[in-house]
Amino acid sequence: MPELDPNDYDISELGPALKDIEDVDELREILAAEEAGEDRVGAKKLIESRIEKFEDDGEEVDADALDPTDMTVADIGNAVRDIDEVDQLESLLEREEAGEDRSSAKKLIQKRIDDLSESDEEEGEVEADLPPEEKYPELNHPTADKRHVRAIEDGTYRDMWVYCETQRGELLDVSREMLGKARQLMDDYNDDYDEEERVVAVLIGDDVERLADECIALGADVVVYKEDERLHRFRHKAFTEIFCDMARWGGDPGVGNPEESDWRDYDEPRYVLFPATNNGRDLSALVQGELDSGLASDCSGLYIESAEISNPVKTGKPGTTKTFERILHMKRPDFSGFEYSTILCIDNPHRDFHPQGGSVIPGSFEIPEADEAREGEVIERDTDLSDDWFRVDVQEADVLDSGVDLTGHEVIVAMGRGIGDDPTLGMELGVELADCFDDADVGVTRGIVTGSYQFDGHVEQYTHEERQIGETGQIVEPKLYIAAGISGAVQHKVGMDESDTIIAINTDPDARIRDFSDYFIEGDLFDVLPRLIEAAKTGELSAAVANTAVAGAGGDDDD
């Protein structure tokens, strides 16, 4: 067994865990351990890609020996990256034209030729960067006022800032989650880079100073706040201006330098995190746009490491690779919820993209245990608020239903795609089973939320997104979790695998959910749930499960 056991990691955690392992033999041992354990496709791809990276290091490509007729377009794309001689590439292009003559393959080879030719012509010099109004004088430039940001030269960036959203005078749980994650990230960052950078919590609102101690207990080193009775409700303009003023406070962003600050000595934050709530999404986009930087929205995974980039927009020179240090890697689920993208916010040669920023999906991280003994600095930003920021006011508002919170229940009955034969009956059975317990509710998988199932009105309320469990939904930890007709995709596993006892019902004996269930019942939920309902009503559920189920991989035969 290798020193790193991949089966101890979720896929979102495995990438960062592998980042320092470069030995191919050790990586092969890790791959074998994954294949012998959970055997996850995504995990194996991660490990295999790292093996390929270090297997290829130092190997020279014999361009003249390449036969494009025996290669896929992807093979050609990988090969040409390691060919630096234009005449060899031109020869390869001729062989492709004489053989398969694939337009996509020819484009790849020609692009490599163009990149190398352009690089030779530039003789190592980066093209001069012109401001947009000079480069395109015929266009209107409404964002020309942001030149004060681009005017930073040799800018200094430090610390991770966390916007701590509040509601009805209290921190949102996602704010607490982000503070805990920021603390862990910056502790690791300071160890890796021998720095002493901080977590800075930002509070904006009415009567928010009293929350500063909680922010510090949850991981902040510094709390910067601005309070005013006019800020009791979120205002796009006011909150954006205040946050950006704080971010530039004491820095040197060119035109319109803000006043000096005695608590920081850098131009702008290195990283910023916002909650991916309705207000947080709005604010994050507005702030990052005003600061002339980038934004990764709706992230569920964060880590900091270096990145090798060959894009000439970022390196300033075609055909070269540059290592960017201290890059915040922001992982987000795609629209299907089953794949992930990792977003990077990286500087161009002539302009900085700081702060590196992202918004975080609520429930992505654990809420840390508060350390009341932690000490930190609390700083008020005493600046005037413009009346123009408050031209629109809300005279009356109704508080809507806050939605369904599944996190506090002792029992959760979760329904998946297995209800497909009779969706309404399947949901009825799930609701009836949940009603057998004093403290229970019904949840669903993403497949139910996004599927095209037709439900009768009396159960449709149980199929909405607010009841979704998983990485893009709620994270639950009940004493008993009953999963009916759920295959066990990793995105769903993230939302429920901390449950005390998991009972899974599935017709497929090899369903992935069996790997992390305590009890597995092979059968159709339409047959199994009525028996569990009857057993629950008579107080014999434990005996019924014991007589029907087999131990899952997550359970113990002696339970």
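The accessible surface of the protein in this predicted model comes to about 28500 Å², and carbon and sulfur atoms account for 41% of that surface. Of the 559 residues in the protein, 47% are buried. The fold comprises 19 helices and 18 strands. Among contacts in the protein with a separation of 6 or more, 66% are between residues 24 or more positions apart.

The largest nonpolar core has 36 residues. Within this core, the residues with the most contacts are Met160, Leu179, Leu203, Cys215 and Leu302. Helix H9 gives the most to the core, contributing seven residues. Apart from this core lies another, of 33 residues, which includes Val413, Ile419, Val459 and Val528. The surroundings of Leu203 were listed with residues up to four places away in sequence left out. On that basis Leu203 touches Cys164, Thr166, Leu171, Val208, Leu211, Ala212, Cys215, Val223, Val224, Tyr225, Lys226 and Met246.

A further open sheet contains six strands in the order E14-E13-E15-E16-E17-E18, and its pairing is mixed. Here the edge strands are E14 and strand E18 (550–551), each pairing on one side only. E13 and E14 are joined by five bridges in the parallel sense, and Val413 stands opposite Val442 in E14. E15 and E16 likewise run parallel and are joined by five bridges. In that pair, Ala483 has Ala504 of E16 as its bridge partner. E16 is mostly covered, with five of its six residues buried. Helix H14 lies across E13, E14 and E15, and runs at about 150° to E14.

Helix H18 (residues 525–537) has 13 residues. From its first C-alpha to its last, H18 reaches 18 Å, close to the 18 Å expected at 1.5 Å a residue. The buried residues in H18 are Leu525, Phe526, Val528, Leu529, Leu532, Ile533, Ala535 and Ala536. Among these, Val528 also belongs to the core of 33 residues. The cover over the buried residues of H18 includes strand E13 (411–415), strand E15 (480–484), strand E16 (501–506) and strand E17 (519–522). It also includes helix H14 (423–434) and helix H19 (541–548).

Thr445 is found in the loop between strand E14 (440–444) and helix H15 (446–450). Thr445 has a relative accessible area of 9% and is therefore buried, the cut-off being under 20%. Leaving out residues up to four places away in sequence, Thr445 touches Met415, Gly416, Arg417, Gln468, Ile486 and His492. Thr445 and Ala489 are 44 residues apart in sequence, and their C-alpha atoms are 9.7 Å apart in space.

Pro6 is found in the segment before helix H1 (11–18). Pro6 counts as buried because its relative accessibility is 0%. When residues up to four places away in sequence are not counted, Pro6 touches Leu14, Ile30, Ala33, Glu34, Arg40 and Ile47. Pro6 and Ala43 are 37 residues apart along the chain, and their C-alpha atoms are separated by 7.9 Å.

Notes. Residues numbered from 1 in each chain as written. Predicted model: local features only at pLDDT ≥ 70, side-chain atom pairs only at ≥ 80, totals over all residues. Heavy atoms only, no water. Core = buried A, V, L, I, M, F, W, Y, C linked by side-chain atoms within 4.5 Å. Buried < 20%, exposed > 50% of the residue type's maximum accessible area, 1.4 Å probe, protein only. Helix = DSSP H or I, 4+ residues; strand = E, 2+ residues; numbered from the N terminus. Contact = heavy atoms within 4.5 Å. Areas by Shrake-Rupley, 256 points an atom, 1.4 Å probe, with all protein chains shown as cover. Expected span 1.5 Å × (residues − 1). Pairing = 2+ DSSP bridges. Axes fitted to C-alpha atoms, helices over the stretch in contact; angles between N-to-C directions.
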